[in-house]
Amino acid sequence: MRAREPDVIGSISRAGREIGYEVFGTGERTVVFPPIVPIVEGRAWKAQVPYLARHARVVVIDPLGNGRSGRSIDPAAYADVEFAADTLAVMDDVGIDSAVLVGICSSCWTALLVAAHHPERVQGLVALAPGLPLVTPPHPWRTRWDFDTELDTDEGWAKDNRHYRLRDYRGFIEFFFGEVFCEPHSSKQWEDGVAWGMQSTPEIQNAIHDAPKSLRTEDDVRALVAGVRCPVLVIDGDEDRCQPRERAAILADLVGATRITIEGAGHLPMAREPVAVNLAIRDFLDRVWPVPRHVTRTVTARAQRKVLYLSSPIGLGHTRRDLAIVEQLRKQQPDVQVDWLAQSPLTDWLHRRGERVHPASAWLSSEVAHIDSVGGEHDLHAFQAIREMDEILVANFMVFRDVVEQESYDLWVGDEAWELDHFLYENPELKQTAYAWLTDFVGWLPNTDGGDREAALTADYNAEMLEHVARLPRIRDRAIFVGSADDVVDESFGANLPSIRDW
């Protein structure tokens, strides 16, 4: 289940080729994601779309060769000018005079072509891991082996070879996304990338490699980029194994852009570091489109005590215990104000109890609907269900972030609010008040029928949690296990990890 469904699903036919796109939200201000590199589809932006669509209209274009767009094995169809023309054609079809363009890798170059040749159509440009051609050599490991020669090795980047792609396309795709997501604990992002890559074919990927380029010299590239006059934001990761970071630096220098480097991030930071990227894009949009904002700041000594309470919607048991906790809290602090950031069906019950449900609760994506969609009346595989809820968790954390950015609270409470806990550890600079974490289970265990793969995945998720807690003990001011000692399983977190009960 998606965190947000598109409001419009459309397509255009240009030069005999079908180009699919989706529109989210409404309004005069528009963010356009040009066709991404066709080894993935537009869903690669799934962690950004729900958040940005609350602040602007968002248009995501699938590239020729993947997603809902058509397929071709003609290299000319994948020329950079064709991707730029597809972007403009979709903007025309949707009725967009001008927009902020957001690109990654080669789609940054697409956005730059549009901005240079049609400056009236581009109000701003965000470039992640920019694929700026010709200005620097590629990484040396990408040019060690000739692309067209049939090699006697499939070591490492030797898999990025015309003949190997045709012989073992899945092997190439799995290797490639292993390099793209070089960060630890990136199994879900890797699986997404492989699934998107397998929607294409080796013949298409080889045609993309052979596509003609509109500019042939470094001087021409630099001159075109230097002519871009709109505001630009550049974001790169210092562990990028696909694009040399020097390209990000050159682009930022040529256009006078703000540059944000995310330490430890690889080639697709919008997937692996979604919160940091979302906030950077939103701040950039606020500079391009200044809008009035109302932020409430309290004088602590004279303010009413306020608690923001996040209660898991999966099962009413959480709400029962959380209401009991709040009842006792009010006995000790009679003046405390408790705001609930919650989802249906919890919100219905909270309203009946006369509780304050924060209006931003209406923005939350439904975790219950997701669980029903993957489980329904059948057995629920809880671990996989949570893994597949990744974009929903990102979207809901961004709702939380918007709330606490505008209002001050003395305490945040998260009862199995997985998004709150995980993304506070991933973005510790966002913690600005006391935080209490409640849970009635600790650690993930593999299903007996899950095999070695699931055992490895659960161990990896557990290891990440253990690393979070060990590295940043200041995040959870209180961590409370709800239950008896016997409820904690006497099992290991995984291979070479401690006992759950001992920990």
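Contact here means heavy atoms within 4.5 Å. This is a predicted model, where local features need pLDDT of at least 70, side-chain atom pairs count only at pLDDT 80 or more, and totals for chains, interfaces and linings use all residues. Residues are numbered from 1 along each chain as its sequence is written, and side-chain values use heavy atoms, leaving out hydrogens and water.

**Thr 87**

Thr 87 touches Val 32, Pro 34, Pro 35, Ile 61, Thr 110 and Val 114, not counting residues up to four places away in sequence. Thr 87 lies in helix 2. Thr 87 is buried, with a relative accessible area of 0% (buried means under 20%, with a 1.4 Å probe and protein chains only).

**Elements**

Helices (H or I, at least four residues) and strands (E, at least two) are DSSP runs, numbered from the N terminus.

| Element | Residues |
|---|---|
| Helix 2 | 80-94 |
| Helix 3 | 106-117 |
| Helix 8 | 218-226 |
| Helix 9 | 245-255 |

**Helices 3 and 8**

Helix 3 packs on helix 8 at an angle of about 65°, with the axes 9 Å apart. Axes are lines fitted to C-alpha atoms over the stretch in contact, and angles run from 0 to 180 degrees between N-to-C directions. From helix 3, Trp 109, Leu 112, Leu 113, Ala 116 and His 117 meet Val 221, Leu 224 and Val 225 of helix 8.

**Strands 7 and 8**

Strand 7 (residues 232-237) and strand 8 (residues 258-262) run parallel, joined by five bridges. Strands pair if DSSP finds at least two bridges between them. Val 234 has Arg 259 in strand 8 as its bridge partner.

Note on methods: A crossover is right-handed if, with the strands pointing away from the viewer, the path from the first strand over the helix to the second runs clockwise. Buried means under 20% relative accessible area, exposed over 50%, partly exposed in between (1.4 Å probe, protein chains only).
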